[in-house]
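Visitor: I would like to go through this structure with you, a few questions at a time. May we begin with the charged residues?

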Amino acid sequence: MPIEDELKKLIVDALLLEDVVPSGIDTDAPLFGEGLGLDSIDALELAIAIDRAFGVRIESKDERNREIFRSVRSLANHIETSRAAVGS
Amino acid sequence: MSDSGTTWLGRREHGTILGIRFVLMLCDLLGRKVARGFVRILMLYYTALDRRARAASRGFLERVLGRPVRFRDVLRHLTTFGLVTLDRIFFLRGRRELFEVSARGSEHLDALTASRSGAILLGAHVGSFEALRARGSSRGHDIHILAYLDNAKKINTVLAELDPEMQARVIELGGIDAILRAKEVVESGGLIAMLGDRTGLNEKSVRVPFLGGEAAFPTGPFLLASALRCPVYLVFGVYLEGASYQLWCERFVDRVELPRKDREAALEALVRRYAVRLEEVARTHPYNWFNLFDFWAASPDRVGQVAAPDSVN
């Protein structure tokens, strides 16, 4: 399963989104604000879930956080690069 | 309270940094005793002139005192606010020798610190958070404050000069970084202090019974505790009289379990229990209640958040 799809499933599971199905999440739509409408606690839950599922820690020091959390695609990219960095 | 910019609390915020520096200079020059005299006169003036401040105080005191509220009750309330605000300056300057501080429940914080177990400390706009913080830092407790800052930027600029170390320990709410920092603090065994009587973290709140009415309390602190799997302790620092403060810390919940089903109900039950406890404290120490706006309003004006003494943290 592509990381994007895994992430969508993770988002729905971790954030207990009842009226959202993973396939209904647009890969490029904003996660916060007008898109899925997630808030900062959701972001925290998501960061914890990503750490658990992918072994990728998202640090507060990272200046790119706003960009990383923009959409499913940006999160997937971040996970891929982080894993590549660890694996290499 | 619709026009948030014109209440006395809001106006205070418009005071220039210069004005605040002037007050600080006076404090240094005159010492606490004389400065308190000035504050008493100042608060008499405010109480007499500011109808809204009086209304906010009266609205609260009527609920809590159970008897007709007189001008001198309101004056006592607002004067206490002024005096506690003044004391913040002395606490921030590290002048702890000026005060008699008694504390209960510090064993909780000592134990958390010794075992490096992270926790959330839930305070309220009751009394002085500064007094708590001063004691915490003297005992080596690793306390970080999670709060909004932007509304009180000016005062903060000056306070930060007074105690630069404090600035490093304030996590300004908003955005992903703040919440991730809070997570890292708790994971590394630190303590996150936040306010349980004002929304802020994610603006989510629930209305629960409070002092004979219904008021909105944030669910954010409990959601945070649930996400971080950490305990929640309540902390209060109330002003008694003269130079004495009484601080205490009590265990509230070891682990916030929010079942997938009935999640909202579990959350509301916690908030209700918190409101009950806060009500007891408000009844015991009514003049320490510093939410000086209509706390029961359908959508409470944020003005109180602007300058209630602890919001600056």
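Visitor: Is R116(B) buried, partly exposed or exposed?
Guide: This is a predicted model, and in it R116(B) counts as partly exposed, at 41% relative accessibility.

Visitor: Which residue does R116(B) form a salt bridge with?
Guide: The partner of R116(B) is D142(B), and their closest N and O atoms are 3.3 Å apart. The pair links distant parts of the chain, 26 residues apart. R116(B) lies in the loop between helix 5 and strand 2 of chain B, while D142(B) lies in the loop between helix 6 and strand 3 of chain B. D142(B) has a relative accessibility of 16%, so it counts as buried, because buried means under 20%.

Visitor: How many salt bridges does the structure hold over all chains?
Guide: There are 24 salt bridges over all chains. One of them joins D39(A) to K204(B), with the closest N and O atoms 2.8 Å apart. This pair crosses between chains, from the loop between helix 1 and helix 2 of chain A to the loop between strand 5 and strand 6 of chain B. D39(A) is buried at 13% relative accessible area, whereas K204(B) is partly exposed at 40%.

Visitor: And what about D87(B), which residue does it form a salt bridge with?
Guide: D87(B) forms a salt bridge with R32(B), the closest N and O atoms being 2.6 Å apart. D87(B) is in helix 4 of chain B and R32(B) is in helix 2 of chain B, so the pair ties together parts 55 residues apart in sequence. D87(B) is buried with a relative accessible area of 0%, and R32(B) is buried as well, at 12%.

Visitor: Which residues are linked in a network of salt bridges?
Guide: Such a network links D51(A), R57(A) and E59(A) with K183(B) and E187(B).

Visitor: Let us turn to strands. How many residues of strand 5 of chain B are buried?
Guide: Strand 5 of chain B, residues 191-195, has 5 of its 5 residues buried. In a regular strand, side chains alternate between the two faces of the sheet. Here L191(B), A193(B) and L195(B) are on one side, I192(B) and M194(B) are on the other, and both faces are covered.

Visitor: Which strands pair with strand 5 of chain B?
Guide: Strand 2 of chain B pairs with strand 5 in the parallel sense over 5 bridges, and L122(B) stands opposite M194(B). Strand 3 of chain B also pairs with strand 5 in the parallel sense, over 3 bridges. There, H144(B) has I192(B) as its bridge partner.

Visitor: Now the aromatic rings, please. How many aromatic pairs are found over all chains?
Guide: A search of the whole structure finds 21 aromatic pairs. One of them, F222(B) with Y274(B), is edge-to-face, at 6.4 Å centre to centre and 65° between the planes. F222(B) is in helix 10 and Y274(B) is in helix 11 of chain B, 52 residues apart. Both F222(B) and Y274(B) are buried.

Visitor: Which charged ends sit over rings?
Guide: The charged end of R63(B) sits over the ring of W296(B), 4.0 Å from the ring centre. The charged end of R273(B) sits over the ring of F252(B), also 4.0 Å from the ring centre. Both W296(B) and F252(B) belong to one aromatic cluster, whose members also include F222(B) and Y274(B).

Note on methods. Residues are numbered from 1 along each chain as its sequence is written. Chains are lettered from A and ligands numbered from 1 in the order in which they are written. This is a predicted model: local features need pLDDT of at least 70, side-chain atom pairs count only at pLDDT 80 or more; totals for chains, interfaces and linings use all residues. Side-chain values use heavy atoms; hydrogens and water are left out. Rings of Phe, Tyr and Trp (its six-membered ring) pair if their centres lie within 6.5 Å; planes under 30 degrees apart count as stacked, over 60 as edge-to-face and the rest as tilted. Helices (H or I, at least four residues) and strands (E, at least two) are DSSP runs, numbered from the N terminus. Buried means under 20% relative accessible area, exposed over 50%, partly exposed in between (1.4 Å probe, protein chains only). A charge sits over a ring if NZ of Lys or CZ of Arg is within 6 Å of the ring centre and within 35 degrees of the ring normal. Two strands pair if DSSP finds at least two bridges between them. A salt bridge is a side-chain nitrogen of Lys or Arg within 4 Å of a carboxyl oxygen of Asp or Glu.
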